[in-house]
Structure formats: C-alpha cells, structure tokens
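Here is a short report for a reader meeting this structure for the first time. Start with the view below, then read on.

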Amino acid sequence: MTLREIADLLDARILVGGDHLDIEVKTAFSADLMSDVLAFAKPGSIMITGLTNPQIVRIASIVDNSAILVVRGKIPPEETLTLAEELDIPVLSTRYIMFETSGRLYANGIVGCVRKIQGPESVIPL
Amino acid sequence: MTQRCECFFPVEGGRFEDAGKVSVEVKKMLKKIGIPDDARRRAAIATYESEVNIISYAIRGEVHLQVTRDHILIDIQDAGPGISNIEQAMEQGYSTANDRIREMGFGAGMGLFNIKNCSDTFEISSEEDKGTHLKILINR
C-alpha cells in the first residue's frame, strides 16, 4: 500500500511528509516499546505507535522506517514534528486504536516485520 | 581510496531528551562516507542502544567511532555503576530500568542483546562502581 492509501483507509491526518505519499509500504511494526522497534523493525516498514516524543523520530530514522503512524488520535508535539521534517520522516495520525489500525492494515496486505520471535523462552514472561 | 574517519561524541547521563542524537549523527556520517545500508543501520542501532544505556544508568560516557578500510569500530566507555552480572544483563528481557526509562519506551531488556545481534564482533567488560566498556565491530 502507498502512504496515501494508508492515510485514506485510516482516515489519518498527514502531519509531516505530504510530498512522500507515494512511498510503498509492505511491512509494519506496532509497539509502544521503542526497544522492541530497535530490535525487530525492518527497513522500509511503517512504525505504528502511541508514543509522541521525539525519540520515535530518531528511532524511525535509525531503523529506516518509511513513516510513523501515530494511533489513538494523538498529535505529537511541535518538537517531534520539527525533527521529523528535519530527518525527512513522514508522520501520520489516526484516531483508530493500535489494534484496529494494525488489523485494518493487515486485512489490506501489510504484514508484520517478523511473524514470531525466535529464540529463548526468556522473552516471554511465564 | 576508501574513506575513513574517527570521531568522539560525549553522552551525558540522565538527559533522556538527548537520547538518539549521537546515533543520528553517526548514521549521517556513515552515509556520507558511503557505508552500505545494512552495516550503517546496524551501527546506528548498536550506537542508539549504547547511548540509551549511558543516559539511563551512567553519569557520563563517550562514543568513539572509528571507520577503517574494513570495519566500523564503535568503542563506548562510561563512568557509572557498572554491571555486576554481565551474563544476566545480556539475556533478552532482563532489565533494571526504572519508570522514567520505561515511560520513554525503553527498558525492555533488549539493549545489550540487540547490540550483540547487530555486531560482527562484540566485547563487553565492566567494573562495579567504575563503568562499562563496549567494543562493537561491524564489517563494512
């Protein structure tokens, strides 16, 4: 899907990067834990998050996310949006919750960066 | 001639608002000297995690980036409490993060594990009440 199609589907506001709406997105990673984004996000994926601090932009730049999609109707503060413009990362905001956002994208062909975490059980608290 | 570079970046403990600034600079610099996407991305992720560790736990630290003909070497030294049990700290999901760290979206216990994962060679040493030293080597 292109960013434009994603924005249409989720009735999202485009806060930064209106000139990048033709970017094609194939994968996504939903998280409010930026540590997990760093560990599991793939280049080109869209970051779906409920956080709005400037860290989300730096992380997106570092893992090569194609865009940030902020959920639950949140609008990031000015400093986050300014940094996004500076680092050239599109930012969209949707009123859908994270579950709905992810589900709607999945139903339209976007898949997760990883299906299932490989490795020791220690990542899964018993 | 293959481009090389050497830079030092100071990191101050406790300044959560600065987290990632050094890594973004490192990534820009590696792009400028033509490091391929994958190596550049791994270097930036490893630097980011290290930066967050210094900010979260240490008093101050320094990131020393060195790019040679074949490698990217990221040497990170901090002055801080050190790590008493490195083996445990390396485990996925193990974390001693406080609420402030978690509010920022960190403290999942993935840091050191992820740094190792991004490295081609990784060395860690630590001394309690002195600090921690990481050597991250990534092939160009």
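Are helix 2 of chain B and helix 5 of chain B roughly parallel or roughly antiparallel to each other? The model is a predicted one. In it, the axes of helix 2 (residues 37-57) of chain B and helix 5 (residues 111-118) of chain B cross at roughly 155° and come within 9 Å. Angles over 145 degrees count as roughly antiparallel. The two helices of chain B, helix 2 and helix 5, are therefore roughly antiparallel. Their crossing, helix 2 of chain B with helix 5 of chain B, is left-handed.

Which residues make this contact? On helix 2 of chain B they are B:Arg42, B:Ile45, B:Ala46, B:Glu49, B:Ser50, B:Val52 and B:Asn53. On helix 5 of chain B they are B:Gly111, B:Asn114, B:Ile115 and B:Cys118. By class, the contact of helix 2 with helix 5 of chain B holds 5 nonpolar, 4 polar and 2 charged residues.

The crossing of helix 1 of chain B with helix 2 of chain B is right-handed.

Helix 1 of chain B brings B:Val22, B:Ser23, B:Val26, B:Lys27, B:Leu30 and B:Lys31 to this contact. Facing them in helix 2 of chain B are B:Arg40, B:Ala43, B:Ala44, B:Thr47, B:Tyr48 and B:Glu51. The contact of helix 1 with helix 2 of chain B divides into 6 nonpolar, 2 polar and 4 charged residues.

**The sheet**

Chain B has an open sheet of 5 strands. Their order is 1-2-3-5-4, and the pairing is antiparallel. Which strands stand at the edges? They are strand 1 (5-12) and strand 4 (121-127) of chain B. Each has a single partner strand, so one side of each is left without a neighbour in the sheet. From one strand to the next, the twist averages 10°.

Strand 1 of chain B is joined to strand 2 (residues 60-67) of chain B by 8 bridges. One residue pair is B:Phe8 with its bridge partner B:His64, in strand 2 of chain B. Helix 2 of chain B packs on this sheet. It touches strand 1, strand 2, strand 3 (71-79) and strand 5 (131-139) of chain B. The direction of helix 2 makes about 0° with that of strand 3 of chain B.

**Where the chains meet**

How many residues of chain B are in contact with chain A? There are 22, and they touch 22 residues of chain A. Helix 1 (21-32), helix 2 and helix 5 of chain B are the elements that each give two or more residues to this side of chain B. Helix 2 of chain B gives the largest share, 6 residues. By class, the side of chain B that touches chain A has 9 nonpolar, 8 polar and 5 charged residues.

Most residues other than glycine have a negative phi. The table lists two with a positive value.

| Residue | Phi | Loop |
|---|---|---|
| B:Asp129 | about 65° | between strand 4 and strand 5 of chain B |

Is A:Asp11 buried or exposed? A:Asp11 counts as exposed, because it has 9 C-beta neighbours inside 10 Å. B:Asp129 is exposed, with 9 other C-beta atoms within 10 Å.

Conventions. Residues numbered from 1 in each chain as written. Chains lettered and ligands numbered in written order. Predicted model: local features only at pLDDT ≥ 70, side-chain atom pairs only at ≥ 80, totals over all residues. Axes fitted to C-alpha atoms, helices over the stretch in contact; angles between N-to-C directions. Helix = DSSP H or I, 4+ residues; strand = E, 2+ residues; numbered from the N terminus. Parallel < 35°, antiparallel > 145°, perpendicular 65-115°, else oblique. Left-handed = near helix turned anticlockwise from the far one by under 90°. Contact = placed C-beta atoms within 7 Å. Nonpolar A, V, L, I, M, F, W, Y, C, P; charged D, E, K, R; others polar. Pairing = 2+ DSSP bridges. Buried ≥ 20, exposed ≤ 12 C-beta atoms within 10 Å, placed from the backbone.
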